Amino acid sequence: MADYYELLGVQKSATPDELKSAFRKMALKYHPDRNPNDATAEAKFKEINEAYSVLSDPDRRAYYDRMGRAPGGSPGTPGGPDVNFEDLFQDLMGDFLGGIGGFGGIGGRRRQGGRDIQVELSISLEDAAKGAEKIIEFDRPAPCDQCQGRGADVGSPVDPCPACQGRGEVRFQQGFFRLSRPCGRCAGKGTIPRVPCAKCSGTGIATRTEKLSVTLPAGIEDGTTRTVAGYGEAPANGAPSGDLQITVKIAEHPLFKRQESDLHCTIPVSFPQAVLGAQLDVPTLDGRVRMRIPAGTQPGHALRLRGKGMPRFGGYGRGDQIVTIQLEVPTEITAEQRALVEQLAATMGEDTHPQRRTFLEKLKGLFD
Ligand SMILES: [Zn+2]
Ligand SMILES: [Zn+2]
């Protein structure tokens, strides 16, 4: 496996923006549309995507820097982002065309890219354990389909914005510096529709609900963020779309608490079970498991079910399930049961409770 930084042609110290720009350049170069029937280009394209999917996520990048390999998933099934190559391609072509003239040949106008969109994806612990394919729905601002982002009603012309003379930005002086900011009147587009489009009120932007399928690798951790390049806000001016950032939230489970790759649960047992030992039905993520607790099991005692925990995210195998024994003392008993317990108590003393004996001896030492 080639070094991810080398694949993208960046330094190890590359900033997220440098990574993104390098990724877009490389993705365009090896895009299957540009290299039809070229298996080498296709393989390279996949590698680039995998590299970017790891390096664009701060946690996964840190892991890669530390371990020299990608976290999660097995080789050949990278849990990378679903990149819409159509969009990517158009973004890049847009960048290219925007560089020559564009918008009435006004040079030096910076093209504002779309903002990133953040969404939260809530999944169950079971999904996190097994890995899952989820459809997410999110609202995405994109060029209005009725006016193709022009903001003008069908047949209506657009005029250069009078506030910025079509530049899309207004310049102002601050101290020694000449600065500019996007024009508020035309929202940076440089044009004003004569008759505004009814659907988007002339903004050129309409928000629509998008659906996207995301693959979550087995063992994914709460709070993990995935970046799907090019699925953020799509500006009306044809500038590159932002990214979609999906943060995974794992819902609380009624029985299990996760601690890295281990799962913890508590099982209540009765006094006779703890004294005599018992066979318990213990729930695990794989279904019920019979577990024997030995005679004389103490409350708070923890038993380990090896390999019944979560898959190790960015590692191999699974963690353990740790079962903590809780002693349940009955609060309501029948007269008959009470008589039996009293009978039992009469036969029990310090001989049957060595811990209590030790405790009483310590007390004596303190107060005598
Ligand atoms: Zn303007
Ligand atoms: Zn419109």
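Author: Let's begin with an open sheet of three strands, ordered E1-E9-E8 and mixed in its pairing. Strands (E, at least two residues) and helices (H or I, at least four) are DSSP runs, numbered from the N terminus, and two strands pair if DSSP finds at least two bridges between them. Strand E1 (117-123) and strand E8 (225-228) are the edge strands, each pairing on one side only. From one strand to the next, the twist averages 25°; angles run from 0 to 180 degrees between N-to-C directions, and axes are lines fitted to C-alpha atoms, for helices over the stretch in contact. E1 and strand E9 (residues 244-250) run parallel and are joined by seven bridges. You can find one spot in this pairing by looking for Ile 123, which stands opposite Ile 250 in E9.

A word on the ground rules before we move on. This is a predicted model, so local features need pLDDT of at least 70 and side-chain atom pairs count only at pLDDT 80 or more, while totals for chains, interfaces and linings use all residues. Residues are numbered from 1 along each chain as its sequence is written, and chains are lettered from A and ligands numbered from 1 in the order in which they are written.

Next comes an open sheet of four strands, in the order E10-E11-E15-E14, again with mixed pairing. Strand E10 (257-259) and strand E14 (302-305) each have a single partner strand, so one side of each is left without a neighbour in the sheet. Here the twist averages 35° from one strand to the next. Strand E11 (residues 262-270) and strand E15 (residues 321-328) run parallel, with eight bridges between them; within that pairing, Cys 265 has Val 323 of E15 as its bridge partner.

The loop between E10 and E11 holds Glu 260. This residue has a positive phi of about 50° although it is not a glycine. In general, most residues other than glycine have a negative phi. Glu 260 has 12 other C-beta atoms within 10 Å, and therefore counts as exposed. The scale is this: a residue is buried if 20 or more other C-beta atoms lie within 10 Å of its own, exposed if 12 or fewer, and partly exposed in between, with C-beta atoms placed from the backbone.

Ser 201 also has a positive phi, of about 55°, and is not a glycine. Look for Ser 201 in the loop between strand E6 (191-193) and strand E7 (205-216). With 13 other C-beta atoms within 10 Å, Ser 201 is partly exposed.

Two hairpins are worth a look as well. Strand E4 (residues 169-174) pairs with E5 in the antiparallel sense over six bridges, and Glu 169 has Pro 182 of E5 as its bridge partner. Two residues lie between these strands, and in this hairpin Gly 175 takes a positive phi near 60°. Strand E12 (residues 278-284) and strand E13 (residues 287-293) run antiparallel, joined by seven bridges, with Ile 293 in E13 as the bridge partner of Ala 278.

Val 154 sits in the loop between strand E2 (132-143) and strand E3 (158-160). Val 154 counts as exposed because it has 11 C-beta neighbours inside 10 Å. Its C-alpha atom is 8.6 Å from that of Val 195, which is 41 residues away along the chain.

Now for the surroundings, starting with a helix pair. Helix H2 (residues 16-29) and helix H3 (residues 39-55) have axes 10 Å apart and pack at an angle of about 165°. H2 and H3 are therefore roughly antiparallel to each other; angles over 145 degrees count that way, under 35 as roughly parallel, 65 to 115 as roughly perpendicular and the rest as oblique. From H2 the contact is made by Leu 19, Phe 23, Met 26 and Ala 27, and from H3 by Phe 45, Ile 48, Tyr 52 and Leu 55; residues are in contact if their C-beta atoms, placed from the backbone, lie within 7 Å.

Finally, the whole chain has nine helices and 15 strands, and 29% of its 368 residues count as buried.

Conventions: Two residues are in contact if their C-beta atoms, placed from the backbone, lie within 7 Å.
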